[in-house]
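This report describes how the secondary-structure elements of one protein chain are arranged. The sequence and structure are shown first.

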Amino acid sequence: MVKNKKVVVFMKGIPEEPRCGFSNAVVQILKMHGVHFDAHNVLESDELRNGVKDYSSWPTIPQVFINGEFVGGCDIIIQMHKNGDLIEELKKVGITSALLEKELNNQKNSKNH
Ligand SMILES: N[C@@H](CCC(=O)N[C@@H](CS)C(=O)NCC(=O)O)C(=O)O
Ligand code: FES
């Protein structure tokens, strides 16, 4: 499951209807970066809810995987969003963040004026 897509999220609820603020936060951040991700609702399966925690050795939900590697939960993703690390990690797997694209466009436009 973690390798099915470059970015995979285990969360409570679904991206269109998160069931917890922590899961909602990672969904909103990934959306801001224009990332297409797989999402798995752990509320539908206790096996999944417990299994993903065992797999990553991380005790809580949400959990974000990039290229099959566990990256973090909500706090870590927020921090990476703030300090620019998320853009870098996405770049490493061939995803250009929409926020980076916006920034580059702004630079280009300000040069033209
Ligand atoms: N500080 C955590 C917040 C997430 C969290 O505390 N999740 C709790 C409440 S939703 C959790 O998953 N508890 C275990 C469970 O519900 O299975 C993070 O950075 O991701
Ligand atoms: S479901 Fe209660 S804090 Fe996430």
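Are helix 3 and helix 4 roughly parallel or roughly perpendicular to each other?

## Helix 3 and helix 4

In this predicted model, helix 3 (residues 74-83) packs against helix 4 (residues 85-92) at an angle of about 95°, and their axes lie 5 Å apart. Angles of 65 to 115 degrees count as roughly perpendicular, and helix 3 and helix 4 are therefore roughly perpendicular to each other.

The residues that meet are M80, H81 and N83 from helix 3 and D85, L86 and E89 from helix 4. By class, this contact of helix 3 with helix 4 comprises two nonpolar, two polar and two charged residues.

An open sheet is formed by four strands in the order 4-1-5-6, with mixed pairing. Strand 4 (38-41) and strand 6 (69-72) each have a single partner strand and stand at the edges, so one side of each is left without a neighbour in the sheet. From one strand to the next, the twist averages 25°.

Strand 1 (residues 7-11) and strand 5 (residues 63-66) run antiparallel and are joined by four bridges. V9 has V64 as its bridge partner in strand 5.

## Helix 2 on the sheet

Helix 2 (residues 46-56) packs on the sheet, where it touches strand 1, strand 4, strand 5 and strand 6. The direction of helix 2 makes about 55° with that of strand 5.

Definitions and conventions: Residues are numbered from 1 along each chain as its sequence is written. Chains are lettered from A and ligands numbered from 1 in the order in which they are written. This is a predicted model: local features need pLDDT of at least 70, side-chain atom pairs count only at pLDDT 80 or more; totals for chains, interfaces and linings use all residues. Side-chain values use heavy atoms; hydrogens and water are left out. Two strands pair if DSSP finds at least two bridges between them. Helices (H or I, at least four residues) and strands (E, at least two) are DSSP runs, numbered from the N terminus. Axes are lines fitted to C-alpha atoms, for helices over the stretch in contact, and angles run from 0 to 180 degrees between N-to-C directions. Contact means heavy atoms within 4.5 Å. Angles under 35 degrees count as roughly parallel, over 145 as roughly antiparallel, 65 to 115 as roughly perpendicular and the rest as oblique. Ala, Val, Leu, Ile, Met, Phe, Trp, Tyr, Cys and Pro count as nonpolar, Asp, Glu, Lys and Arg as charged, and the others, Gly among them, as polar.
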